[in-house]
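Here's a quick tour of a protein for anyone just starting out with structures. Take a look at the picture, then follow the points below.

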Amino acid sequence: MTGSVPHPQDAGLARNQLGRNLTYGLLEALGRSIVVGEYSDRAFPTEAELAKAHDVSRSVTREAVKMLTAKGLLGARPKQGTFLQPESHWNLFDTDVLRWLLERRSSIGLLRQFNELRIAVEPQAAKLAATRAAPADVAAIGTALQRMRDAELGHEDTLDADIAFHVAVLYASGNPFYAQFRDVVDTALRTSIRFTNRIAGRAASIDSHAAVYDAIAAGKAARAEKAMRHLIDDVLVLIEQVVANDPA
């Protein structure tokens with residue numbers, strides 16, 4: 001009994017999927033290596049060297065290098081080839097770059113900087129939400145808050161519920177620029193919340209989040225801004241305590 005012969009189109013889709021998987025696998029490996037400084041003291045390998053070292057095709061290598069270049073990690077010049085860009089050129093709003101950076105052992109400084117950015121954005125988003133949010137937006141914040149309460153009872157994921165709350169506030173602001181900040185918030189909070197919860201010895205304060213929700217639901221803009229600022233200030237205080245206790 002013979003097996004069925006794959007349709008040529010199906011075989012082509014399978015090859016394309018495999019190529020994408022190889023490309024993203026190489027992207028992940030090279031991105032992490034660059035961010036942790038593996039190539040800081042030597043020239044970045046050529047495409048041929050990378051293809052051989054990782055046992056992938058030149059086309060896969062070329063695509064991964066192109067993606068890393070778009071993220072600001074690599075540059076290229078005629079006759080000079082591909083080279084590492086200084087960290088100041090890296091796109092910190094790219095979620096892959098941010099995730100790799102946060103995975104470094106020295107990520108505490110970046111966590112502080114990220115929360116300094118949050119305190120410049122999220123309180124204003126909460127303030128706008130108090131005056132602009134549609135009923136559905138307020139309901140989404142309330143749902144996320146309930147998820148946080150459920151998480152305390154073990155019925156929800158604590159991290160996902162906390163992130164959903166902050167993302168819901170960004171959407172409720174009615175500002176599309178704030179809404180597009182969601183991916184950065186999601187990526188960085190996955191590290192930040194784990195870190196601060198571990199240091200504090202507890203999950204995020206439900207009461208602090210409830211104060212933000214209550215102010216938004218009541219249309220109290222100044223109160224909403226103050227409540228969100230207080231919430232993020234608590235995170236910054238925890239980070240500063242860690243830095244003070246262990247400057248290294």
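Is I199 buried, partly exposed or exposed? At 37% relative accessibility, I199 counts as partly exposed, because buried means under 20% and exposed means over 50%. Keep in mind that this is a predicted model. With that said, let's go from the whole protein down to single residues.

**The big picture**

- You can count eleven helices and two strands in the protein.
- The protein has 248 residues, and 40% of them count as buried.
- If you take the contacts with a separation of 6 or more, 67% are between residues 24 or more positions apart.

**The nonpolar core**

- The largest nonpolar core is made up of 69 residues.
- I34, L68, L73, F165, V169, V212 and I216 are the ones with the most contacts inside this core.
- Helix α5 (residues 108–132) gives the core its largest share, namely ten residues.
- Looking past residues up to four places away in sequence, V212 touches A126, F165, A227, M228 and L231.

- Helix α2 (residues 47–54) packs against helix α3 (residues 58–70) at an angle of about 115°, and their axes are 9 Å apart.
- That angle makes α2 roughly perpendicular to α3.
- On the α2 side, the contact is made by E47, A48, L50 and A51, while α3 brings in R58, T61, R62 and V65.
- The crossing of these two helices, α2 and α3, is right-handed.
- D55 sits in the loop between α2 and α3, and D55 has a positive phi of about 55° although it isn't a glycine.
- D55 counts as exposed, because its relative accessibility is 71% and the cut-off for exposed is over 50%.

**Helix α4**

- Which residues of helix α4 (residues 95–102) are buried? They are V97, L98, W100, L101 and L102.
- Here's a handy rule: an α-helix has 3.6 residues a turn, so residues three or four places apart point the same way.
- Check out the start of α4 too, where a side-chain oxygen of D94 comes to within 2.9 Å of the backbone nitrogen of D96.

**Two residues of helix α5**

- N115 belongs to helix α5 and is buried, with a relative accessible area of 0%.
- The N115 side chain makes a polar contact with the side chain of R118, at 2.9 Å.
- Which residues does N115 touch, not counting those up to four places away in sequence? The list is S192, I232, V235, L236 and I239.
- A130 is also found in helix α5, and A130 counts as buried because its relative accessible area is 11%, with the limit for buried being under 20%.
- A130 and A222 are 92 residues apart along the chain, yet their C-alpha atoms are separated by 8.6 Å.
- Setting aside neighbours within four places in sequence, A130 is in contact with A215, I216, G219, K220, A221 and A224.

**Helices α6 and α7**

- Helix α6 (residues 135–152) and helix α7 (residues 158–172) pack at an angle of about 165°, with 8 Å between their axes.
- That makes α6 roughly antiparallel to α7.
- From α6, the residues making the contact are D137, A140, I141, A144, L145, R147, M148 and A151.
- From α7, they are T158, D160, A161, D162, A164, F165, A168, V169 and A172.
- The crossing of α6 and α7 is left-handed.

- Which residues is I199 in contact with, leaving aside its neighbours within four places in sequence? L238 and V242 are the ones to find.
- I199 and V242 are 43 residues apart along the chain, and their C-alpha atoms are separated by 8.2 Å.
- S208 is found in helix α10 (residues 206–217), and at 13% relative accessibility S208 counts as buried.
- Beyond its neighbours within four places in sequence, S208 is in contact with H230, L231 and D234.

Terms used: Residues numbered from 1 in each chain as written. Predicted model: local features only at pLDDT ≥ 70, side-chain atom pairs only at ≥ 80, totals over all residues. Heavy atoms only, no water. Buried < 20%, exposed > 50% of the residue type's maximum accessible area, 1.4 Å probe, protein only. Helix = DSSP H or I, 4+ residues; strand = E, 2+ residues; numbered from the N terminus. Polar contact = N/O pair within 3.5 Å; in protein donor to acceptor, adjacent residues only side chain to side chain. Core = buried A, V, L, I, M, F, W, Y, C linked by side-chain atoms within 4.5 Å. Contact = heavy atoms within 4.5 Å. Axes fitted to C-alpha atoms, helices over the stretch in contact; angles between N-to-C directions. Parallel < 35°, antiparallel > 145°, perpendicular 65-115°, else oblique. Left-handed = near helix turned anticlockwise from the far one by under 90°.
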